[in-house]
Amino acid sequence: PLREHQAVAHHSPILSQLVYDTAVVHFNWLFNGREEALRSLSAWVCRPSSQFTGLHATLALEGGTAVGAFLAMPGQELNARQMADFLALVKGTKGRDRADLQARLEQLKSMETLADSGDFYIRTIAVVAHRRGVGLGSRVLQECLEVGSRSGFRRFRLDVRADNLPALRLYASFGFR
């Protein structure tokens with residue numbers, strides 16, 4: 001069954017790991033390595049203003065254990081949450097590291113486009129490694145689309161790495177381009 005955010009606090013370690021696993025290369029680059037990425041994402045999952053907040057997560061549970069999740073929100077809300085994350089990142093960085101971080105953030109800004117306020121933005125779809133390939137990702141994505149539809153959205157948006165072929169196949173099977 002999928003469970004919305006009320007159960008997420010208990011599952012925050014697995015949620016931060018799931019988020020990290022969706023974009024390892026990106027997060028390691030942004031946070032300057034795995035340890036800092038996981039530490040920061042753990043804090044962001046617990047922070048209500050983050051784009052990765054557990055308050056926007058829906059978990060797929062098996063036997064009480066999270067095996068998958070999605071985080072999604074209106075596009076306009078995503079934009080504000082991204083800014084809050086960037087500010088938190090800058091505030092937590094000191095000295096010479098801050099100039100390096102600012103350069104990375106400028107690069108990131110040039111790579112990303114702002115989500116439209118009419119979009120239901122799917123920030124993260126994730127399934128633990130040992131449960132991939134058995135249809136769980138399809139169930140998680142279907143639930144995500146239903147949540148967005150019930151909220152009145154007709155346009156859905158997500159970003160995916162071009163080399164993530166399983167995810168690309170999943171999204172294409174649901175009509176994403």
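The answer below treats the salt bridges and their setting in the chain.

Analyst: This is a predicted model, in which local features need pLDDT of at least 70 and side-chain atom pairs count only at pLDDT 80 or more, while totals for chains, interfaces and linings use all residues. Residues are numbered from 1 along each chain as its sequence is written, and side-chain values use heavy atoms, with hydrogens and water left out.

The setting comes first. The chain has 7 helices and 5 strands; these are DSSP runs numbered from the N terminus, helices being H or I of at least four residues and strands E of at least two. Their order along the sequence is β-α-α-α-β-β-α-α-β-α-β-α. The radius of gyration is 16 Å, which agrees with the value near 16 Å for a compact globule of 177 residues; it is taken over C-alpha atoms, and the globule rule is 2.2 Å times the number of residues to the power 0.38. The C-alpha trace spans about 45 × 35 × 30 Å along its principal axes. Of the 177 residues, 44% count as buried; buried means under 20% relative accessible area, exposed over 50%, and partly exposed in between, with a 1.4 Å probe and protein chains only. Among contacts (heavy atoms within 4.5 Å) between residues at least 6 apart in sequence, 68% join residues at least 24 apart.

As for charge, the chain carries 22 positive and 17 negative charges, whose mean positions are 1 Å apart. Lys and Arg count as positive and Asp and Glu as negative, without His and the chain ends; the place of a charge is NZ of Lys, CZ of Arg, CG of Asp or CD of Glu. Side chains of opposite charge can pair when their charged atoms come close. The structure holds 9 salt bridges, each defined as a side-chain nitrogen of Lys or Arg within 4 Å of a carboxyl oxygen of Asp or Glu.

Arg39 and Glu36 meet at 2.4 Å, N to O, and both belong to helix 3 (residues 34–46), where they are 3 residues apart, about one turn of the helix. Arg39 counts as exposed because its relative accessibility is 52%, whereas Glu36, at 30%, is partly exposed.

A further salt bridge joins Asp85 to Arg47, with the closest N and O atoms 2.3 Å apart. This pair links distant parts of the chain, since Asp85 is in helix 4 (residues 75–91) and Arg47 in the loop between helix 3 and strand 2 (57–62), 38 residues apart. Asp85 has 0% relative accessibility and therefore counts as buried.

Arg155 and Asp119 form a salt bridge whose closest N and O atoms are 2.8 Å apart. Arg155 is in strand 5 (residues 155–158) and Asp119 in strand 4 (residues 119–127), so the pair ties together parts that are 36 residues apart in sequence. Arg155 is partly exposed, with a relative accessible area of 43%, while Asp119 counts as buried at 9%. Through salt bridges that share partners, Asp116, Asp119 and Arg155 are joined into one network.
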